[in-house]
Amino acid sequence: MATAQNRDIGLVREHEAVLLRTRDRLQFREIAERLGCDVKEAHTAWKRGVARLAAEAAESHGEYVGAQLATVQEVITGLMPRVRSGDARAAEALVRALDHEAKLLGLYAPVKASVTVTDEMAARVKALADEIAQLEET
């Protein structure tokens with residue numbers, strides 16, 4: 001079981017490995033020399049450091065999105081009485097707030113679709129196009 005001191009040393013090593021790799025663009029061999037460890041340990045420290053930074057960024061992003069959603073909800077709640085009374089400007093502001101909320105929630109994200117066109121379908125489309133062409137000639 002790692003002691004607090006060993007954990008702190010590991011965190012410092014991870015931080016240094018990430019800086020040396022990203023800021024100074026060093027190879028893992030050079031990072032290992034600077035950290036006083038072997039190349040495998042330097043690479044592991046870098047991977048852990050990058051993973052830790054990614055987790056922190058994701059957490060911060062989640063907190064930010066949560067705060068934004070809370071603010072949007074306050075705006076919506078505040079606008080609703082004015083919208084119900086017929087205030088057109090409040091209605092426009094409400095639509096903008098709802099649009100912002102939908103973007104934060106990812107509701108406008110593109111949907112992936114897999115479409116297969118068979119020879120039979122292509123033949124049917126060609127036949128319909130031919131029919132349309134004949135109708136236009138008459």
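How exposed is D24: buried, partly exposed or exposed? D24 is partly exposed, at a relative accessible area of 32%. Here buried means under 20% relative accessible area, exposed over 50%, and partly exposed in between (1.4 Å probe, protein chains only).

Some notes to go with the model:

1. First, the ground rules. This is a predicted model, where local features need pLDDT of at least 70 and side-chain atom pairs count only at pLDDT 80 or more, while totals for chains, interfaces and linings use all residues. Residues are numbered from 1 along each chain as its sequence is written, and side-chain values use heavy atoms, with hydrogens and water left out.

2. Back to D24, whose side chain meets that of R23 in a salt bridge (2.9 Å, N to O). A salt bridge here is a side-chain nitrogen of Lys or Arg within 4 Å of a carboxyl oxygen of Asp or Glu. R23 counts as exposed, at 52% relative accessibility. By this rule the count comes to eight salt bridges.

3. Two more of these pairs sit within helices (DSSP runs of H or I, at least four residues, numbered from the N terminus). In helix 2, R29 and E33 lie four residues apart, about one turn of the helix, and their closest N and O atoms are 3.8 Å apart. E33 is exposed, with a relative accessible area of 58%. In helix 5, K126 and D130 are likewise four residues apart, about one helical turn, with a closest N to O distance of 3.4 Å. K126 is exposed at 52%, and D130 is partly exposed at 37%.

4. Leaving aside neighbours within four places in sequence, I31 is in contact (heavy atoms within 4.5 Å) with A17, L20, R21, L26 and A42.

5. Finally, please look at Y108, in the loop between helix 4 (88-105) and helix 5 (119-137). Y108 is exposed, with a relative accessible area of 53%.
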